[in-house]
Amino acid sequence: MAIRTVLRMGDPLLLQQAAPVQAFDTPELHVLIKDMEDTMAHMNGAGIAAPQIGVGLRVVIFGVGANSRYPDAGHVPYTVLINPVLHPVGSEVEDGWEGCLSVPGMRGIVPRYQRLHYTGFDQYGNAIDRLVSGFHARVVQHECDHLDGVLYPMRIRDLANFGFTDVLFPGQEIQDD
Ligand code: NI
């Protein structure tokens, strides 16, 4: 149970392919998830992936409350998602602002599939199977990208839409991730 250091863009560990979790409901997995929760809460993030704290496993957590300061955020239920598989539904792509705990102080406009079917498991091995859209779909795509070594700036189509949060949104309080 600890707040862990979040790796920042430039660290080669953020560019690696993460390995599937082989065993559920183990003490090691529960400690990892608690550390990810503590770190995400401390940094006021909307989600975090295990590789961001230097653990190369296919584990992400995310969740955004209804009163979040994240712009355009809908409610996204708190979720532990392990070994995720993503299937875009349709071809509709939507642009939206993203940030990342590994790219502190910046925001960029990233295209993401608008509708998404995703499956995976929670930390106990229970199956997760959801059809989502909008911000929820965006958060899942962002977090799962981390498992394949992809950071959101790599997906920005026009780098004119990438900058420092306090310059882009002066006077606004915006969540860190
Ligand atoms: Ni991120």
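A residue counts as buried when its relative accessible area is under 20%, and as exposed when that area is over 50%. Keep this in mind for the exercises below, which use a predicted model.

**Exercise 1. Which protein atoms hold the nickel ion, and are Cys-100 and His-146 buried or exposed?**

Step 1. Look around the nickel ion: its protein donors are Cys-100 (SG), His-142 (NE2) and His-146 (NE2), at 2.1 to 2.3 Å.
Step 2. Read the donors along the chain, and you find the spacing C-x41-H-x3-H.
Step 3. Apply the opening definition: both Cys-100 and His-146 are buried.

**Exercise 2. How are the rings of Phe-62 and Tyr-118 arranged?**

Step 1. The structure has 4 aromatic pairs, and this is one of them.
Step 2. The ring centres are 6.4 Å apart and the planes meet at 70°; because an angle over 60 degrees counts as edge-to-face, Phe-62 and Tyr-118 form an edge-to-face pair.
Step 3. Phe-62 is in strand β2 and Tyr-118 in strand β6, so the pair ties together parts 56 residues apart in sequence.
Step 4. Both Phe-62 and Tyr-118 are buried.

**Exercise 3. Are Trp-97 and Phe-169 buried or partly exposed?**

Step 1. Find the pair: the ring centres of Trp-97 and Phe-169 are 5.2 Å apart with planes at 80°, so it is edge-to-face.
Step 2. Trp-97 has 25% relative accessibility, so it counts as partly exposed.
Step 3. Phe-169 has 14%, so this residue counts as buried.

Terms used: Residues are numbered from 1 along each chain as its sequence is written. This is a predicted model: local features need pLDDT of at least 70, side-chain atom pairs count only at pLDDT 80 or more; totals for chains, interfaces and linings use all residues. Side-chain values use heavy atoms; hydrogens and water are left out. Rings of Phe, Tyr and Trp (its six-membered ring) pair if their centres lie within 6.5 Å; planes under 30 degrees apart count as stacked, over 60 as edge-to-face and the rest as tilted. Helices (H or I, at least four residues) and strands (E, at least two) are DSSP runs, numbered from the N terminus. Buried means under 20% relative accessible area, exposed over 50%, partly exposed in between (1.4 Å probe, protein chains only). Donors are N, O and S atoms within 2.8 Å of the metal (3.2 Å for Na, K and Ca); water is not among the atoms, so sites may look incomplete.
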